[in-house]
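Please read these notes alongside the model.

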Amino acid sequence: MCQITIGSKKLRWMRKLVERQYRVHLTLDSLPVLMRSKELNYAVRGFPVGFTAPPHYTGLKEDEYYLYNHLRFTITYREQADEFEGVR
């Protein structure tokens, strides 16, 4: 597991990003990267910076903040060029 030390000023800034539900937007081949759920039938652009775990989940007195620091990509494409309409 990766571990780094973050100063108090940057830590407060990262907590604000998580609390305000900031998202990281990525592009791949000039297209937006989406976070998709087949089960819930939705897709949203980018991914959240992190999340908070409530005290009843962690057993602590206060919310615990977590950052997403590893990503896994699934890249899909069409193999039949004749089925594609548009510019490549």
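1. Basis of the comments. This is a predicted model, in which local features need pLDDT of at least 70 and side-chain atom pairs count only at pLDDT 80 or more, while totals for chains, interfaces and linings use all residues. Residues are numbered from 1 along each chain as its sequence is written, and side-chain values use heavy atoms, with hydrogens and water left out.

2. Positive patch. Patches are made of residues with over 30% relative accessible area and no salt bridge, like charges being joined within 9 Å and nonpolar side chains (Val, Leu, Ile, Met, Phe, Trp, Tyr) within 5 Å. A salt bridge is a side-chain nitrogen of Lys or Arg within 4 Å of a carboxyl oxygen of Asp or Glu. Lys and Arg count as positive and Asp and Glu as negative, with His and the chain ends not counted; each charge is placed at NZ of Lys, CZ of Arg, CG of Asp or CD of Glu.

3. Lys-16. Helices (H or I, at least four residues) and strands (E, at least two) are DSSP runs numbered from the N terminus. Lys-16 is partly exposed because its relative accessible area is 45%; buried means under 20%, exposed over 50%, and partly exposed in between (1.4 Å probe, protein chains only).

4. Negative patch. Glu-19, Glu-62, Asp-63 and Glu-64 make up a negative surface patch. Of these, Glu-62 is placed in the loop between helix H2 (55–58) and strand S8 (64–67). Glu-62 counts as exposed because its relative accessibility is 61%.

5. Nonpolar patch. Which residues form the nonpolar patch on the surface? They are Ile-4, Ile-6, Leu-11 and Leu-67, with about 350 Å² of accessible area together. Accessible areas come from the Shrake-Rupley method with a 1.4 Å probe, and for residues only the protein chains shown count as cover. Ile-4 belongs to the segment before H1 and is exposed, since its relative accessible area is 70%. From Ile-4 to Val-44 the C-alpha separation is 29 Å, the two being 40 residues apart along the chain.

6. Ser-37. Is Ser-37 buried or exposed? It is buried, because its relative accessible area is 10%. Ser-37 lies in strand S4 (residues 34–37), and its side chain reaches the backbone nitrogen of Leu-40 at 3.1 Å.

7. Ser-30. This residue is in the loop between strand S2 (27–28) and strand S3 (31–32). Phi of Ser-30 is near 65°, a positive value in a residue other than glycine. Ser-30 is exposed because its relative accessible area is 73%. Ser-30 and Glu-83 are 53 residues apart in sequence, and their C-alpha atoms are 20 Å apart in space.

8. Asn-41. Although not a glycine, Asn-41 has a positive phi of about 55°. Its place is the loop between S4 and strand S5 (42–45). With 70% relative accessibility, Asn-41 counts as exposed.

9. Arg-45. Strand S5 contains Arg-45, which counts as partly exposed because its relative accessibility is 41%. Arg-45 and Glu-64 are 19 residues apart along the chain, and 25 Å separates their C-alpha atoms. Glu-64 is also one of the residues in the negative patch.

Definitions and conventions: Polar contact = N/O pair within 3.5 Å; in protein donor to acceptor, adjacent residues only side chain to side chain.
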